[in-house]
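Please open the model in a viewer and keep the sequence panel at hand.

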Amino acid sequence: MTDPTALRPATPQEIEETLAFALRYRGRRRADIAAPMVAQIAAEHLRQCLEASGFVVMKRPDGSLPSTTKHHRTS
């Protein structure tokens, strides 16, 4: 398990980008759930709701934002 002292709060931008990615992709394949603009608006709304409810999203220092590039695939 990850050392809890190494966690830090995720920034609002990191949360929104990750939520928008999740609405647009399944893994690296496009999911027909939401268009990019709709996904971004929904992600912003979800982040605001989480903050208003008192949630804190934590992030590992080595965690990266999602990517759709094929150059960084892990086997």
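Does R47 count as buried or exposed? R47 counts as buried, at 11% relative accessibility; buried means under 20% relative accessible area, exposed over 50%, and partly exposed in between (1.4 Å probe, protein chains only). This is a predicted model, in which local features need pLDDT of at least 70 and side-chain atom pairs count only at pLDDT 80 or more, while totals for chains, interfaces and linings use all residues. Residues are numbered from 1 along each chain as its sequence is written, and side-chain values use heavy atoms, with hydrogens and water left out.

**The whole chain**

Colour by secondary structure. The protein has two helices and four strands, which follow the order β-α-β-β-α-β from the N terminus. Helices (H or I, at least four residues) and strands (E, at least two) are DSSP runs, numbered from the N terminus. Of the 75 residues in the protein, 17% are buried.

**Helix α2**

Select residues 36-52. This helix, α2, has 17 residues and reaches 24 Å from its first C-alpha to its last, close to the 24 Å expected at 1.5 Å a residue; the expected span is 1.5 Å times one less than the number of residues. Its buried residues are A39, A43 and R47. They lie on the same side of α2 because they cover an arc of only 70 degrees around the axis, the arc being that of the directions from the helix axis to the C-beta atoms. The buried residues of α2 pack against α1 (12-24). Turn to the other side of α2, where M37, I41 and A52 are exposed. Just after the helix, G54 takes a positive phi of about 90 degrees.

**The salt bridges**

E16 and R47 meet in one of them (2.4 Å, N to O). This pair links distant parts of the chain, with E16 in helix α1 and R47 in helix α2, 31 residues apart. E16 is buried, with a relative accessible area of 13%. R47 also forms a salt bridge with E51, the closest N and O atoms being 2.9 Å apart. Salt bridges that share partners join E16, R47 and E51 into one network. E51 is partly exposed, at 43% relative accessibility.

Next, select E14 and R8, whose salt bridge has its closest N and O atoms 2.7 Å apart. E14 is buried, with a relative accessible area of 14%, whereas R8 is partly exposed at 29%.

Conventions: Contact = heavy atoms within 4.5 Å. Salt bridge = Lys/Arg side-chain N within 4 Å of Asp/Glu carboxyl O.
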